[in-house]
Amino acid sequence: MHQQKLKVNTSGRGFTNITQQVAQAVDDATTHQGLCHVFVHHTSASLIIQENADPDVRVDLNAFFARLVPDGDSLYRHTDEGPDDMSAHVRSVLTATALTIPIDQGHLDLGTWQGIYLWEHRTSPHQRRITVTIVGA
Amino acid sequence: MHQQKLKVNTSGRGFTNITQQVAQAVDDATTHQGLCHVFVHHTSASLIIQENADPDVRVDLNAFFARLVPDGDSLYRHTDEGPDDMSAHVRSVLTATALTIPIDQGHLDLGTWQGIYLWEHRTSPHQRRITVTIVGA
Amino acid sequence: MHQQKLKVNTSGRGFTNITQQVAQAVDDATTHQGLCHVFVHHTSASLIIQENADPDVRVDLNAFFARLVPDGDSLYRHTDEGPDDMSAHVRSVLTATALTIPIDQGHLDLGTWQGIYLWEHRTSPHQRRITVTIVGA
């Protein structure tokens, strides 16, 4: 059992690659086999595993979600913090607050093209708290 | 290792806050550090982590999903149990059947504004089975 | 702690029921109580838990996602591998890369109507790598 806290400063809506920080936490834990759990302590930012090769994948994800979950939707009552507040909550529900990834032979066992990203859904910069927990033998 | 079964009676489509019951299971387990896993044994109800402050967030989530995944969609073949049957399955796929949350210093380590909700997608009341599993040291 | 690798050959877009293979891995592990984690090492295929009774549920899921996340969307820049490439990534983000299911009394504790499916999002056949990890006592 090993637990590590991360703080990630985002620059507003978009993706921050945290793969290296999570992989480092796994290496620090010296766990041969097990699971690595990543959790974001917020309801307006997400964690996703996505392609780490072509940056256009993230550009297209942003575009798709901008169309599917637009800011300033007239549907919303929860608008006190601005037009990106409720859309950020909906994006959080449609994606993930936590990820769990296998550990094999002491390392984070991601696929070749898989990267771990913090997805900031608010338009302004935020500091986001993340907890990495490692369970194994 | 600690496992606890919950039964939640829903009053039809909408949210039931189960944070207190999950937090109690963690306290009962006397686990200092680890993970708390929550699982719903159904394909027409979900578990989500969302803002626990303004109830309008849940009103808006209901409104967004009513528009994105409407009942009685002419697309559906699976309609034997009524117009809310297949839409409930789609909502389940777009959200989550299970949540995993870190345990730190013996307590469920949610963010300040994070609550755990059972989201009933069927329009009539149901009894939903949930299993809470705690792994840690 | 027990870990097993699976390879699943898909025949293009659609669902492969892997419940039996995952349940077998749990039985092999002789874990009385714990968690079973299933992870797909790709960003254009997903894992979902859905109804295992009426096959029309999967037909309708395919139809819903074909409308929500169409192939060849003019929005996309990431199109080198064809019209189903970026839509596959979006579908992966809207569903799940990993599932975690409780183990009770030595067996995978799914609900009566819950099956585990690999959802191939690419239109051509692929071989998909899956890791099953079992943690428990």
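Through which surfaces do the copies meet, the same or different? Let's keep that question in mind, everyone, while we walk through this structure. One thing before we start: what you see is a predicted model.

Let me begin with how the chains are related. Two copies of a chain are, in general, related by a rotation about an axis and a shift along it.

Now to the contacts between chains B and C. On this interface, 23 residues of chain B touch 31 residues of chain C. Which elements of chain B supply at least two residues each to that side? They are strand S3 (34–40), helix H3 (85–94), strand S5 (98–104) and strand S8 (127–136). H3(B) gives the largest share, five residues. By class, this side of chain B has eleven polar, ten nonpolar and two charged residues.

Next, chains A and B. Here 23 residues of chain A are in contact with 31 residues of chain B. On the side of chain A that touches chain B, S3, H3, S5 and S8 of chain A each supply at least two residues. The largest share comes from H3(A), with five residues. That side of chain A has ten nonpolar, eleven polar and two charged residues.

So, back to my opening question. Only 13% of the interface residues of chain B are also interface residues in chain C, so the copies meet through different surfaces.

Let me finish inside chain C, with one of its sheets. Strands of a sheet pair through backbone hydrogen bonds, either parallel or antiparallel. This one is an open sheet of three strands in the order S2-S7-S4, and the pairing is antiparallel.

Let's zoom in on one pairing. S2(C) is joined to strand S7 (residues 114–120) of chain C by four bridges, and the two run antiparallel. To see where they meet, find C:Gly14, whose bridge partner in S7(C) is C:Glu120.

Terms used
Residues numbered from 1 in each chain as written. Chains lettered and ligands numbered in written order. Predicted model: local features only at pLDDT ≥ 70, side-chain atom pairs only at ≥ 80, totals over all residues. Pairing = 2+ DSSP bridges. Contact = placed C-beta atoms within 7 Å. Nonpolar A, V, L, I, M, F, W, Y, C, P; charged D, E, K, R; others polar.
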